[in-house]
Amino acid sequence: MTAARVGIGGPVGCGKTALIEQLLPELARLGIETAVITNDLVTDEDAERLRKGGQLPANRILAVQAGACPHTVIREDPTLNMAAADRLEAEFPELDLILIESGGDNLASTFSLDLVDWWMFVIDVAGGGDIPRKNGPGVLQCDLLVINKSDIAPHVDVDLDQMIADAKQVRGPKPVLAVSCRERSRIADIVSQLRRDVIFA
Amino acid sequence: MTAASISTKVMKLTSIEGSFNADLHDIVHALEHKGQVEFVHVSQADAARKRLRAETDKGREVQIVLPRSASIKDGAVVHLSEDLAIVLRVDTGARMVLVPHDIQSAMRLGHWCGNLHWKVEFNAGSMSVQLDGPEGQYRARLQDLESLADFHIDESAS
């Protein structure tokens, strides 16, 4: 059985890499073998950050450079990412999960289901409490909407409860989770959702 | 027979055995007469997935994990044994048919829909858009185009 492929998208600075840094120890604790593919514009910045973190062997972290708008390599032509995932599966047949982090992009960014089996979109309170109401395709179509930096909502004048309510209203029955990567809150809930919906382990 | 691992609660289905609409029709149809066929309804959007947690029409939870080379089509049989078949039914989904009135408008329309990342099928003289959300959202985007291209929505085909 191949590894589950899970996308993590969202705007620049929302905390995608920070979320991966929090997910990796929880996944490891549960014995879920994981690898990561990062997408950056023209650098390996996010991959290098994860390698320095040491939570995974360095060769389980691959970097893809989009060269242009990051959504092009996760939606219009995800060939580079599919090849990277195939390579990881071939080198590490024990993998249960490959996380594919998108480069930072706007609210219109979505993942091709040719590339991933399931994907989450990350926004954060500092980006503005009105983000869910803007009905961006990323917010609407993802399998899980993560609202990060819940701990700083009072400091950026955002009514977190209202933001969550707005997100639930535009997404209907699809789930919304408010988390704080800095305080490590609700990270286990994301992993539970992943296990139930796509990892099946 | 299918490579499925069966537990008391959840079935993991890992291959497509054939099609209820083609090669396996007679076998599955015979099981259907005995009430031994369960259907999983999959939306057009979800049909692109290789992994899917779903429930059959009889309430059985299934985990579908297909090879990367497989693709979900209507009628795909994902489990077949002597006393049970599980068949995927792909909803054709809502669509909107756009009809350009001249070549220039057709080019404008195609470019516009491409910019919006809509999923479309090209037919003779028209373009069929797959609606992944409320129809009103699609109509709202087309209003912006009305002054730039001459086209209409084929209401009889939607």
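Trainee: At roughly what angle do the axes of helix 1 (residues 16-29) and helix 2 (residues 45-53) of chain A cross, and how do the two helices lie to each other?

Mentor: This is a predicted model. In it, the axes of helix 1 and helix 2 of chain A come within 11 Å and cross at roughly 25°. Angles under 35 degrees count as roughly parallel. Therefore helix 1 of chain A is, relative to helix 2 of chain A, roughly parallel.

Trainee: Which residues make that contact, and how do they divide by class?

Mentor: Helix 1 of chain A supplies A:Thr17, A:Ile20 and A:Glu21, while helix 2 of chain A supplies A:Asp46, A:Arg49, A:Leu50 and A:Gly53. By class, the contact of these two helices has 2 nonpolar, 2 polar and 3 charged residues.

Trainee: Helix 1 of chain A also crosses helix 6 of chain A; what is the hand of that crossing?

Mentor: The axes of helix 1 and helix 6 of chain A come within 10 Å and cross at roughly 65°. From helix 1 of chain A, A:Gln22, A:Leu23, A:Glu26 and A:Leu27 meet A:Ile187, A:Ala188, A:Ile190 and A:Val191 of helix 6 of chain A. The residues of this contact divide into 6 nonpolar, 1 polar and 1 charged. The crossing of helix 1 and helix 6 of chain A is right-handed.

Trainee: Which strands stand at the edges of the open sheet of 7 strands in chain A?

Mentor: The strand order is 3-2-4-1-5-6-7, with parallel pairing. Each edge strand has a single partner strand, so one side of each is left without a neighbour in the sheet. The edge strands of this sheet in chain A are strand 3 (61-65) and strand 7 (176-178).

Trainee: Within that sheet, what is the bridge partner of A:Val36 in strand 4 of chain A?

Mentor: Strand 2 (residues 34-40) and strand 4 (residues 97-101) of chain A pair in the parallel sense over 5 bridges. In strand 4 of chain A, the partner of A:Val36 is A:Leu99.

Trainee: Which strands of chain A does helix 2 of chain A touch as it packs on the sheet?

Mentor: The direction of helix 2 of chain A makes about 145° with that of strand 2 of chain A. Packed on the sheet, helix 2 of chain A touches strand 2, strand 3 and strand 4 of chain A.

Trainee: In chain B, what is the bridge partner of B:Ser19 in strand 7?

Mentor: Chain B has an open sheet of 4 strands in the order 3-7-8-4, with mixed pairing. Strand 3 and strand 7 (residues 76-81) of chain B pair in the antiparallel sense over 2 bridges. In strand 7 of chain B, B:Ser19 has as its bridge partner B:Ala76.

Trainee: What does B:Asp57 count as, given its C-beta neighbours inside 10 Å?

Mentor: B:Asp57 lies in the loop between strand 5 (51-55) and strand 6 (61-65) of chain B. Not counting residues up to four places away in sequence, B:Asp57 touches B:Glu38 and B:Phe39. Because B:Asp57 has 13 C-beta neighbours inside 10 Å, it counts as partly exposed.

Trainee: Where does the largest share of the side of chain A that touches chain B come from?

Mentor: The contact takes 12 residues from chain A and 12 residues from chain B. The largest share of the chain A side is 3 residues, and these come from helix 6 (residues 187-199) of chain A.

Methods
Residues are numbered from 1 along each chain as its sequence is written. Chains are lettered from A and ligands numbered from 1 in the order in which they are written. This is a predicted model: local features need pLDDT of at least 70, side-chain atom pairs count only at pLDDT 80 or more; totals for chains, interfaces and linings use all residues. Axes are lines fitted to C-alpha atoms, for helices over the stretch in contact, and angles run from 0 to 180 degrees between N-to-C directions. Angles under 35 degrees count as roughly parallel, over 145 as roughly antiparallel, 65 to 115 as roughly perpendicular and the rest as oblique. Two residues are in contact if their C-beta atoms, placed from the backbone, lie within 7 Å. Ala, Val, Leu, Ile, Met, Phe, Trp, Tyr, Cys and Pro count as nonpolar, Asp, Glu, Lys and Arg as charged, and the others, Gly among them, as polar. Two strands pair if DSSP finds at least two bridges between them. A residue is buried if 20 or more other C-beta atoms lie within 10 Å of its own, exposed if 12 or fewer, and partly exposed in between; C-beta atoms are placed from the backbone. A crossing is left-handed if the near helix is turned anticlockwise from the far one by less than a right angle, and right-handed if clockwise.
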